[in-house]
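Please read the points below with the model open beside you.

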Amino acid sequence: MNKYKLYVLVGATCFVSGAFVTKLADDKITIAVLQDAQKLMGLHFTDAQLDSATSEVEDFRKSYEAIRKVPLPNNVAPALVFNPIPVGYTFEQQRQAFEVATPDNVKLPKNRDELAFYTIPQLAQLIRTRQLSSVELTTFYLNRLKKYGPKLECVITLTDELALQQARQADQEIKAGKYKGLLHGIPFGVKDLLSTRKYKTTWGAMPYKDQVLNEDATVVKRLQDAGAVLVAKTTLGALAMGDVWFGGKTRSPWDITKGSSGSSAGSASAVAAGLLPFAIGTETLGSIVSPSTACGTTGLRPTFGRVSRHGAMALSWSMDKIGPIARSAEDCAIVFNAIYGPDGQDPSVYDAPFNYNTSINPRKLRVGYLKQDFEKKYGFQENDWAALKVLRDAGIELVPLELPDLPAGELALTISVEGAAAFDELTRSGRDSLLVQQHKNAWPNLFRSARFVPAVEYLQAQRVRTLLVQQMQEKLKDVDVYISPSFASQNLVVTNLTGHPCVVVPNGFQKNGMPTTITFMGKLFGEAQLLAFANFYQGLTNFDEQHPTLAFANTKTKKQKAK
């Protein structure tokens, strides 16, 4: 195939001396050019039909050039918004008060290091009763971040000055009787694809390592409005893939010879190591589930359309989701309660209530499980079977469930196509060569490859996705939540495409001491029931209470013991 002709057809981009350059396409579109191009698409038009199309394709190419002259920064979304709601589906409308079980008689530990693994309610109780100030707690976590962060390579920027300012303000407000709730005075970190005022937002990528987007993302603003204290911008794999960023490779605190996975690499690593009580991650296709597994944290991927992405780097407008990574399902519920809901900036967000409270009875929920997936041979299977047994022994009836029989894996081209559009300028300018990862499966090649996906085929994929959404609704009509292996299933791909929420929780350890997880799934906008059920499971086990020794010198890990 004449590759140069093909590049001319799809946008006048050619590869010269190792760098991409873009030139005005003045080469004539001929039948031969279109004959080569249609091979990519599996089409077989006649020469006469191709001849008739040449002038129209010439016009398309001129349109491309005109469109490329319009500045399109990453925060400009397409005029199309993914709708995860199936025909005939309605979500809960009535709002109830948010409520969690608050611990009694929390005392400041003699060994202050134990604070590193306290839950949000425990820390909140210490601050509310003024046994511990927000400044003291913030300083404690900043010191841990400075001590262990470089070894884990999990932090891009420490926000010391801002953090101490916010902590002092929190202390003053609490002293004056203006207590805002469980997050007041609690430190947190955010994945460094969320913008923050006066601090860099690097997206983990060398081309953007000095980028300053001088605004607070909606999620950051809402957490700060709740009184939380921003102490760190955590690492992410460059442009939200993997755990390799421009400054290194983020490590799992259970064994620093192993990566933390990604792309919410630093958020999971820092929480697992007790460097943060909680952090914000994002997921497009596993970026909360995967690092939570590698680091043994609890992560919530909310329903698509639950949390505003204003101020967040866009990778896939129809699949990006923002959620918390924390110590427990209840901690995730507390954070989610502060960040969900419309902000008038992200048109994909729905105004649906989050009615998490102590009146939800997990034993009365209808629970499904992907029976066939759990019966396959895969790693972590013993831990997953043990988790199912724990639930059965607690009186939970597990109903077999199957996913729709549609080519979900093939629909994942959505991410590559939307990502290629989001980073169009990066590709055409040749600055993609600055990214650390340059192998076949890295973004530079994936973005280039996506240029050859026809718009018609992308839209056809979205039509199949509509069928997937509808069929998932039918599959889940008789359950409130269901259980899936975290990876030995199509579930991760399917539900990221349909927008369903999940909570991934630790459920044991591998023989090498690394943690494993199991995934609990909910109905659309069903985070309250989902988190209540995950919290129920964590009450039956103690895996969420296990933490690494941080013995980095010899990478030993703390062995778990089941209750």
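**Notes on cavities, a helix and a buried threonine**

1. Trp254, Gly296, Pro506, Gly508, Phe509, Pro515, Phe543 and Gln546 line the second largest cavity. A cavity here is a set of points, on a 1 Å grid over the protein atoms alone, where a 1.4 Å probe fits but cannot get out, and lining residues have an atom within 4 Å of a point. The space in this second largest cavity is about 30 Å³; a volume is the space filled by probe spheres set on the points, which are joined across faces, edges and corners.

2. This is a predicted model, in which local features need pLDDT of at least 70, side-chain atom pairs count only at pLDDT 80 or more, and totals for chains, interfaces and linings use all residues. Residues are numbered from 1 along each chain as its sequence is written, and side-chain values use heavy atoms, with hydrogens and water left out.

3. Which element gives the most to the lining of the second largest cavity? Strand S16 (residues 502-509) does, with three residues; helices (H or I, at least four residues) and strands (E, at least two) are DSSP runs numbered from the N terminus. By class, this lining has five nonpolar, three polar and no charged residues. Ala, Val, Leu, Ile, Met, Phe, Trp, Tyr, Cys and Pro count as nonpolar, Asp, Glu, Lys and Arg as charged, and the others, Gly among them, as polar.

4. The whole structure holds two cavities of 30 Å³ or more. The largest has a volume of about 60 Å³, and its lining includes Pro302, Phe304, Arg306, Asp320 and Ser348. That lining divides into four nonpolar, three polar and four charged residues.

5. Helix H6 (residues 160-175) has 16 residues and spans 22 Å from its first C-alpha to its last, close to the 22 Å expected at 1.5 Å a residue (1.5 Å times one less than the number of residues). Its buried residues (under 20% relative accessible area, 1.4 Å probe, protein chains only) include Leu162, Ala167 and Ile174. Seen down the axis of H6, the buried residues fall within an arc of 130 degrees, so they line one face of the helix; the arc is that of the directions from the helix axis to the C-beta atoms.

6. On the other side of H6, Glu161, Gln172 and Lys175 are exposed (over 50%). Among the elements covering the buried residues of H6 are helix H5 (134-152) and strand S5 (229-234), with contact meaning heavy atoms within 4.5 Å.

7. Threonine 541 lies in the segment after helix H19 (527-540). Threonine 541 counts as buried because its relative accessibility is 4%.

Methods:
On a 1 Å grid over the protein atoms alone, a cavity is a set of points where a 1.4 Å probe fits but cannot get out, and a pocket is an open set with protein on both sides within 12 Å along at least five of seven lines; lining residues have an atom within 4 Å of a point.
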